[in-house]
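Here's a quick tour of one protein chain, residue by residue and then as a whole. Have a look at the model first, and then we'll walk through it.

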Amino acid sequence: MYAAAFLPPRRLALALGALLAVLLAAGCGEPGAGGDPVWEPGRGGGGTGAPVRSGEPAPPAEQSISLSATGDIIMGNAPNRLPANGGKGFFDSVEKALAADLVMGNLEEPLTVDTGTGKCGPNSTRCFQFRAPPDYAAHLRDAGFDLLNQANNHGYDYGPKGYENTQKALEKYELEHTGAPDQITVVDVKGVKVAVAGFSSYVWSNSLVDIAAAKRVITKAAGMADLVVVQVHMGGEGADKTRVRPGTEMYLGENRGDPVRFSKAMIDAGADLIVGHGPHVLRGMEFYKGRLIAYSLGNFAGGGNSLKNTGRLGWGGVLKVSLKPDGGWAGGSFVSTYMNSAGKPTMDGDDRGLGLVKQLSRSDFPDTGARFDDSGAISPPQGG
């Protein structure tokens, strides 16, 4: 019994299951009858919360939970490039598509008032600095988001104070956040503990480039939860960056990681789902050891035309995945979206994003690529 207390949750579940079977066979009654404490993780990272008692039985082993995710989200750029009506209804078109047990997005801007931090030089032509008012966190909550990733190249656009203000704004509206160094955010989803960690190539997040350190984060996360999700901002940027190839990708002299090597190393360390973003375009998806890697979900929202929406730069989508508590695949789908003329995420009846992801998955990963039917349902490749 003492040894079992130090097992990772997945192995502990198996050990307890075997013990329970023996006890029930001996007539020891129903599980949970003694009212033992069930731990609920705290909000905002680290999974440390107060014990609470629950009369709810543990979910059956075969029960799955659904997780949805998007690419880059910018709701506007204060003070002069904000959406109409204070952003009210910004996500209305895509709200139903987002619906899942756990809804995640990549928040690519601080939610803060101007702190005076000057990121861009006076003569810069390739530097972009974004922020939205703190109360825009309410729009994320109203859309159904549960957790936002800050591990990206714009998370620190207004320095440490802007980063901290963003966390406070999200917490005010009961939204989780992840992405800071050593931050592992654990949430309870229908009785299944899900750990989420964010990575990028910047010092304000877990390192995408230092794979050994990244593996340590994921190994720790796997010991804290049943499922582990990686949010990662990786790869070069631009309309021509849809293809995935082995090797390090650079952009403006920055090392943006080796997406293939990083993603597979995280799965080797215990991750169950890789959610990629960063190139501002959609990329293909593949399966590795039964786990899905989405290399980039593209641009989801660029309010106030803060992101280019021409051609492939305007295409995004919602990835929805169902996983069993042991990480096993239980189904998934991809729904196409696009940024309209105001940069709002909008459902795409022409399924341009789905068509591109389907094509890229087959061409870049002929043996391991995800397979999509006409409705966007995802399945592993035959034999995968």
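Let's start with G223, which sits in the loop between helix 5 (211–222) and strand 10 (227–233); helices (H or I, at least four residues) and strands (E, at least two) are DSSP runs, numbered from the N terminus. With a relative accessibility of 38%, G223 counts as partly exposed, where buried means under 20% relative accessible area, exposed over 50% and partly exposed in between (1.4 Å probe, protein chains only). G223 and G270 are 47 residues apart in sequence, yet their C-alpha atoms are 9.0 Å apart in space.

A word on what you're looking at: this is a predicted model, in which local features need pLDDT of at least 70 and side-chain atom pairs count only at pLDDT 80 or more, while totals for chains, interfaces and linings use all residues. Residues are numbered from 1 along each chain as its sequence is written, and side-chain values use heavy atoms, with hydrogens and water left out.

Now the overall picture. The protein chain has 7 helices and 21 strands, and of its 384 residues, 53% count as buried. Take the contacts (heavy atoms within 4.5 Å) between residues at least 6 apart in sequence: 67% of them join residues at least 24 apart.

On to the inside. The largest nonpolar core has 34 residues, and V194, M285, L292, F334 and I378 touch the most other members. Apart from it lies another core, of 30 residues, with M234, I267, I293 and Y295 among them. A core here is a set of buried Ala, Val, Leu, Ile, Met, Phe, Trp, Tyr and Cys residues joined through side-chain atoms within 4.5 Å.

F91 lies in the loop between strand 3 and helix 2, and it counts as buried because its relative accessibility is 3%. Leaving out residues up to four places away in sequence, F91 touches I73, M75, H139, L140, A143, F145, F300 and P345. The loop between strand 3 (65–74) and helix 2 (95–98) also holds P79, and the peptide bond from A78 to P79 is cis, with omega near 5°.

Most residues other than glycine have a negative phi, and most peptide bonds are trans. D182, though, has a positive phi near 65°; D182 lies in the loop between strand 6 (176–178) and strand 7 (185–189) and is exposed, with a relative accessible area of 63%. L252 has a positive phi too, of about 50°, and is placed in the loop between strand 11 (250–251) and strand 12 (254–255).

N206 lies in strand 9 (residues 206–207) and is buried, at 4% relative accessibility. A polar atom of the N206 side chain lies 3.3 Å from the backbone oxygen of A180.

What about open space? The second largest pocket has a volume of about 660 Å³, and of the 26 residues that line it, the closest to its centre are F128, H154, E237, Y251 and H280. Its lining divides into 10 nonpolar, 8 polar and 8 charged residues. A pocket is an open set of points on a 1 Å grid over the protein atoms alone, where a 1.4 Å probe fits, with protein on both sides within 12 Å along at least five of seven lines; lining residues have an atom within 4 Å of a point.

H280 lies in the loop between strand 13 (273–277) and strand 14 (285–288) and is buried, with a relative accessible area of 11%. The side chains of H280 and D72 are joined by a polar contact of 3.1 Å, that is, a pair of N or O atoms within 3.5 Å, one able to donate a hydrogen and the other to accept it. E237 is also one of the residues in contact with H280.

Finally, some C-alpha pairs side by side:

| Pair | Apart in sequence | C-alpha separation |
|---|---|---|
| G223 and G270 | 47 residues | 9.0 Å |
| F91 and G144 | 53 residues | 9.3 Å |
| D374 and D351 | 23 residues | 9.3 Å |

Conventions: Points joined across faces, edges and corners; volume = space filled by probe spheres on them. Nonpolar A, V, L, I, M, F, W, Y, C, P; charged D, E, K, R; others polar.
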